[in-house]
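Hi everyone, and thanks for making the time. I'd like to walk you through one structure, so please have a look at it first.

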Amino acid sequence: MQVMTRSAHVFVLCVLSLVGAGSAHAVEDIDRLYVINGLGETLTLIDRAGDSVVTNLLPLGGCPNRIRAHAGLLLVVNSCTDDLMVISQTTHTVLRTITF
């Protein structure tokens with residue numbers, strides 16, 4: 001896990017944009033922005049309240065390409081491994097993986 005300051009926010013978002021359409025998707029709440037890094041198969045957290053960026057917060061499955069937030073959970077679809085990861089927004093741990 002790596003933590004960066006606010007000055008790195010723009011750099012991180014630019015890098016994610018350069019990766020290509022469909023490779024990085026994001027979901028946000030009031031103080032946090034979660035970004036899936038498709039090629040790196042990891043989750044990044046941009047903490048706007050704490051003024052930091054945490055890269056490689058959590059490894060994801062193969063080809064993560066969609067993320068949604070619902071009721072304190074993050075739902076991540078992994079296309080190559082045909083599964084859905086259910087992640088706690090509080091603890092940032094995988095609660096369950098549902099295989100299709």
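**Starting from Asp82**

Let me begin with Asp82, which is partly exposed, because its relative accessible area is 44%. For this talk, buried means under 20% relative accessible area, exposed means over 50%, and partly exposed lies in between, using a 1.4 Å probe and protein chains only. Asp82 sits in the loop between strand 7 (73-78) and strand 8 (83-88). Its phi is near 50°, a positive value in a residue other than glycine.

A quick word on the ground rules. This is a predicted model, where local features need pLDDT of at least 70 and side-chain atom pairs count only at pLDDT 80 or more, while totals for chains, interfaces and linings use all residues. Residues are numbered from 1 along each chain as its sequence is written, and side-chain values use heavy atoms, with hydrogens and water left out.

Now, another residue with a positive phi is His92, at about 55°, and it is not a glycine either. You will find His92 in the loop between strand 8 and strand 9 (94-99). Is His92 buried or exposed? His92 counts as buried, because its relative accessibility is 18%.

Stepping back, the protein has one helix and nine strands. Helices (H or I, at least four residues) and strands (E, at least two) are DSSP runs, numbered from the N terminus. Read from that end, the order of elements is β-α-β-β-β-β-β-β-β-β. Of the 100 residues in the protein, 39% are buried.

Four strands make an open sheet in the order 6-7-8-9, with antiparallel pairing; two strands pair if DSSP finds at least two bridges between them. Strand 6 (64-70) and strand 9 are at the edges with a single partner strand each, so one side of each has no neighbour in the sheet. From one strand to the next, the twist averages 20°, where axes are lines fitted to C-alpha atoms, for helices over the stretch in contact, and angles run from 0 to 180 degrees between N-to-C directions.

Let's zoom in on one pair. How many bridges join strand 6 to strand 7? Six bridges do, and the two strands run antiparallel. Arg66 has Val77 in strand 7 as its bridge partner, and Ala69 has Leu74. The two strands form a hairpin with two residues between them, and Ala71 in the turn has a positive phi of about 55°.

My last stop is Thr42, in strand 4 (residues 42-47). Thr42 is buried, because its relative accessible area is 12%. What does the side chain of Thr42 make a polar contact with? The partner is the side chain of Asn56, at 3.4 Å. A polar contact is a pair of N or O atoms within 3.5 Å; within protein, one must be able to donate a hydrogen and the other to accept it, and residues adjacent in sequence count only if both atoms are side-chain atoms.

Leaving out residues up to four places away in sequence, Thr42 touches several residues, including Val35, Ile36, Leu58 and Leu60, with contact meaning heavy atoms within 4.5 Å. Thr42 and Leu60 are 18 residues apart in sequence, and their C-alpha atoms are 5.1 Å apart in space.
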